[in-house]
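Hello,

Here is the structure I promised to pass on. Have a look at it first, and then read my notes below.

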Amino acid sequence: MTAERSARPAGASTRAELIADTAIALLAERGMRGLTHRAVDEAAGLPPGSTSNHARTRAALLELAVRRHAVREARVLTPQEMTGLAGGPEALADALALALHRSLTGHRDLVVARYELALEATRRPELRKIYDEEGRAFREPLVALMTAAGSTDPQRHALSLLAWCEGLMFSCVAGSFHAEVPERGELRAGFAELLGGMLGR
């Protein structure tokens with residue numbers, strides 16, 4: 001899919017959102033080197049200079065992309081679906097499997113773009129701060145969930161769950177399993193095993 005075709009997702013309702021969505025699409029398709037103000041203008045079908053008016057510097061454009069990416073990823077991962085623990089670890093495993101399966105089957109471009117932004121954040125302290133700030137919106141609810149589930153070490157267990165998710169996503173999107181996306185049931189079984197070990201069940 002070209003950036004031109006993917007630049008206008010349904011959620012883009014303002015020019016700033018269109019610019020950010022186009023930047024994300026370019027990152028997924030062309031990588032960090034393919035992200036320029038001019039490329040965003042062209043891919044989004046905007047008049048020359050439009051992107052510069054909203055984000056004058058490359059750092060500002062990257063910040064716009066990181067913040068918009070967090071919004072779009074939250075719609076996919078939907079942490080609010082994991083707030084109920086009435087069903088115990090099994091319900092949590094099912095909710096986590098659903099979120100991960102969504103990412104792997106319908107939003108691989110977001111995963112690839114996040115890798116590009118994460119790597120760039122290692123080279124730009126100002127971007128690192130913003131990236132980490134947005135990431136807390138996903139990490140902190142998981143720590144709270146592990147606490148509510150009875151974890152004896154919720155911070156460590158949340159890190160282990162996140163690391164497992166990240167590793168699986170990388171393998172299935174950019175690694176050696178890129179053509180073998182697990183079924184939702186397989187993901188659920190994996191989460192159930194992890195949670196069972198962590199919670200002593």
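A word on terms: axes are lines fitted to C-alpha atoms, for helices over the stretch in contact, and angles run from 0 to 180 degrees between N-to-C directions. Helices are DSSP runs (H or I, at least four residues), numbered from the N terminus. This is a predicted model, where local features need pLDDT of at least 70, side-chain atom pairs count only at pLDDT 80 or more, and totals for chains, interfaces and linings use all residues. Residues are numbered from 1 along each chain as its sequence is written, and side-chain values use heavy atoms, with hydrogens and water left out.

The helix pair: the axes of H9 (residues 154–173) and H10 (residues 184–199) come within 11 Å and cross at roughly 155°. The two are therefore roughly antiparallel (angles over 145 degrees count as such).

Now for H5 (residues 58–77): its 20 residues should span 28 Å at 1.5 Å a residue, and its end C-alpha atoms are 28 Å apart, which agrees. (The expected span is 1.5 Å times one less than the number of residues.) Its buried residues (under 20% relative accessible area, 1.4 Å probe, protein chains only) include Leu61, Arg68, His69 and Glu73. Among the helices that the buried residues of H5 pack against are H2 and H8 (125–148). Just after H5, Thr78 has a positive phi of about 40°.

Best wishes

Terms used:
Angles under 35 degrees count as roughly parallel, over 145 as roughly antiparallel, 65 to 115 as roughly perpendicular and the rest as oblique. Buried means under 20% relative accessible area, exposed over 50%, partly exposed in between (1.4 Å probe, protein chains only). Contact means heavy atoms within 4.5 Å.
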